[in-house]
Amino acid sequence: MITHPFWGTVTESWAGLTAQEPVALPGFAQPVEVFLGEELFEEDEEYQLTAAQLDEYAATFQAFLARAPRLLLALKAQAFARYQQFYAAHYADPAQSGAPALLLTTPEEHVAYMQDLGYVRITDEQTLRLSIRYKLDAEHGLEAKFVANSLVELAGIAET
């Protein structure tokens, strides 16, 4: 356990080391956990963060927040393009989806299906990932990877 001026007490949680308090991100409904550093996969695995890493992660997060409106516009656009490529045909056909046709035509309509942010993970090299519980693909979800405040990849959770 380590204490940091920005993150507070950093403790081990279910998917790695986490900041003391959940954070609210603009454009998402609820505050979420912030994981710091790489995910811990094994129960006995340990990961120690240095004060310098925690400082870097704080700077990464603060820079992301400062640019969040622009970054979230990029996320909405890429997520909608992904929806059109992989999901639109399925959801347009009630016989395939088992539900009334879902005819989303804009990123603004689509964003309603990606409001449930699971958590944020910040790692080295100015990398921040948003893990989103995607209502149109609950099995895979969505994960957005930002590096140096650019959206560099959008895929299923744990695929970026």
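**Close-ups of a predicted model: core and pockets**

**View 1. Who sits around Trp-7.** Leaving out residues up to four places away in sequence, Trp-7 touches Ala-19, Gln-20, Val-34, Leu-36, Leu-54, Tyr-57, Ala-58, Phe-61 and Ile-122 (contact: heavy atoms within 4.5 Å). This is a predicted model, where local features need pLDDT of at least 70, side-chain atom pairs count only at pLDDT 80 or more, and totals for chains, interfaces and linings use all residues. Residues are numbered from 1 along each chain as its sequence is written, and side-chain values use heavy atoms, with hydrogens and water left out.

**View 2. The largest nonpolar core.** Here we've got 43 residues, and Trp-7, Leu-36, Leu-75, Tyr-83 and Leu-130 make the most contacts inside the core. Such a core is a set of buried Ala, Val, Leu, Ile, Met, Phe, Trp, Tyr and Cys residues joined through side-chain atoms within 4.5 Å; buried means under 20% relative accessible area with a 1.4 Å probe, protein chains only.

**View 3. The largest pocket.** Its volume is about 210 Å³, taken as the space filled by probe spheres set on grid points joined across faces, edges and corners. A pocket is an open set of points on a 1 Å grid over the protein atoms alone where a 1.4 Å probe fits, with protein on both sides within 12 Å along at least five of seven lines; lining residues have an atom within 4 Å of a point. Of the 11 lining residues, Glu-39, Arg-121, Arg-129, Glu-143 and Ala-158 lie nearest the centre.

**View 4. The second largest pocket.** This one holds about 170 Å³ of space. Its lining includes Met-1, Val-10, Glu-12, Leu-40 and Tyr-47.

Key:
Buried means under 20% relative accessible area, exposed over 50%, partly exposed in between (1.4 Å probe, protein chains only).
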